[in-house]
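The sequence and structure come first, and the description follows.

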Amino acid sequence: MWKTNDPDVKRILYVQTHGEKDPERTATPFFLATAAAAMDHEVAIYFTMNGPQCLAKGNGERIIIPRKGGEGKPLKYFIDQAVDMGVRLLVCQPSLDLHGYTLDDLIEGVEMIGGAAFNAIACEADAVIAF
Amino acid sequence: MDVLKEDRVLDCSGLLCPLPVVKTSKAIKELSVGQILKMIATDPGAPPDMEAWSRQTGNELLLSTQEDGKFVFYIRRTK
């Protein structure tokens with residue numbers, strides 16, 4: 001599943017379990033993944049539990065990251081930054097079913113994997129960071 | 001100290017993490033190997049971030065300093 005074979009390139013997998021009920025917990029995985037990609041690492045984020053809500057069409061605009069004393073940025077800002085840097089976005093079917101989603105309900109470019117692939121990616125990663 | 005001569009300046013003043021790192025990553029790829037990027041930032045997280053970025057990407061952080069209250073970095077593209 002990982003694309004690189006270069007031993008100098010680190011592989012980092014982020015896991016996002018939070019969605020629209022917890023807007024303050026949605027941006028950080030994208031943010032850190034963007035920084036990791038800028039360090040020339042191969043990076044993916046796996047969305048499970050409520051995580052797929054972050055990727056539902058329209059939610060990027062709807063979910064606003066709260067910020068004390070100021071206008072918060074929409075989640076889309078962080079998603080676009082990550083995608084632009086080549087971060088891969090992964091989901092699995094059971095977490096989509098949980099929300100009544102199909103892949104068509106999500107933004108472009110999201111890849112479908114299963115539980116076995118997730119575990120393989122985790123075992124082959126240099127770091128797995130879960131939120 | 002030798003005077004460092006940059007081939008390109010990237011001003012990230014006012015930008016917060018991770019944007020200075022993202023823009024540096026893109027800018028360094030537009031230089032040739034051996035050329036020097038001067039990056040200017042105001043984010044207080046920039047000095048440790050650029051040190052980590054340099055260590056992980058292999059691009060050489062020649063100098064990390066402050067000028068006029070801003071953080072200034074000279075980075076040589078190494079690969």
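Eight residues of chain B are in contact with eight residues of chain A, where contact requires C-beta atoms, placed from the backbone, to lie within 7 Å. On the side of chain B that touches chain A, α1 and α2 of chain B each supply at least two residues, and by class this side has five nonpolar, three polar and no charged residues. The model is predicted: local features need pLDDT of at least 70, side-chain atom pairs count only at pLDDT 80 or more, and totals for chains, interfaces and linings use all residues. Residues are numbered from 1 along each chain as its sequence is written, while chains are lettered from A in the order in which they are written.

| Helix pair | Angle | Axis separation |
|---|---|---|
| α1(A) (residues 27–38) and α1(B) | about 30° | 8 Å |
| α1(B) (residues 19–29) and α2(B) (residues 46–57) | about 40° | 10 Å |

The angle makes α1(A) roughly parallel to α1(B), a term for angles under 35 degrees, and the crossing of these helices is left-handed. In this pair, Thr34(A), Ala35(A) and Ala38(A) meet Val21(B), Val22(B) and Ser25(B), and the contact residues divide into four nonpolar, two polar and no charged.

Within chain B, α1(B) and α2(B) are oblique to each other, and their crossing is right-handed. Here Pro20(B), Val21(B) and Thr24(B) in α1(B) meet Ala46(B), Asp49(B) and Trp53(B) in α2(B), with four nonpolar, one polar and one charged residue in the contact.

Terms used
Axes fitted to C-alpha atoms, helices over the stretch in contact; angles between N-to-C directions. Helix = DSSP H or I, 4+ residues; strand = E, 2+ residues; numbered from the N terminus. Parallel < 35°, antiparallel > 145°, perpendicular 65-115°, else oblique. Left-handed = near helix turned anticlockwise from the far one by under 90°. Contact = placed C-beta atoms within 7 Å. Nonpolar A, V, L, I, M, F, W, Y, C, P; charged D, E, K, R; others polar.
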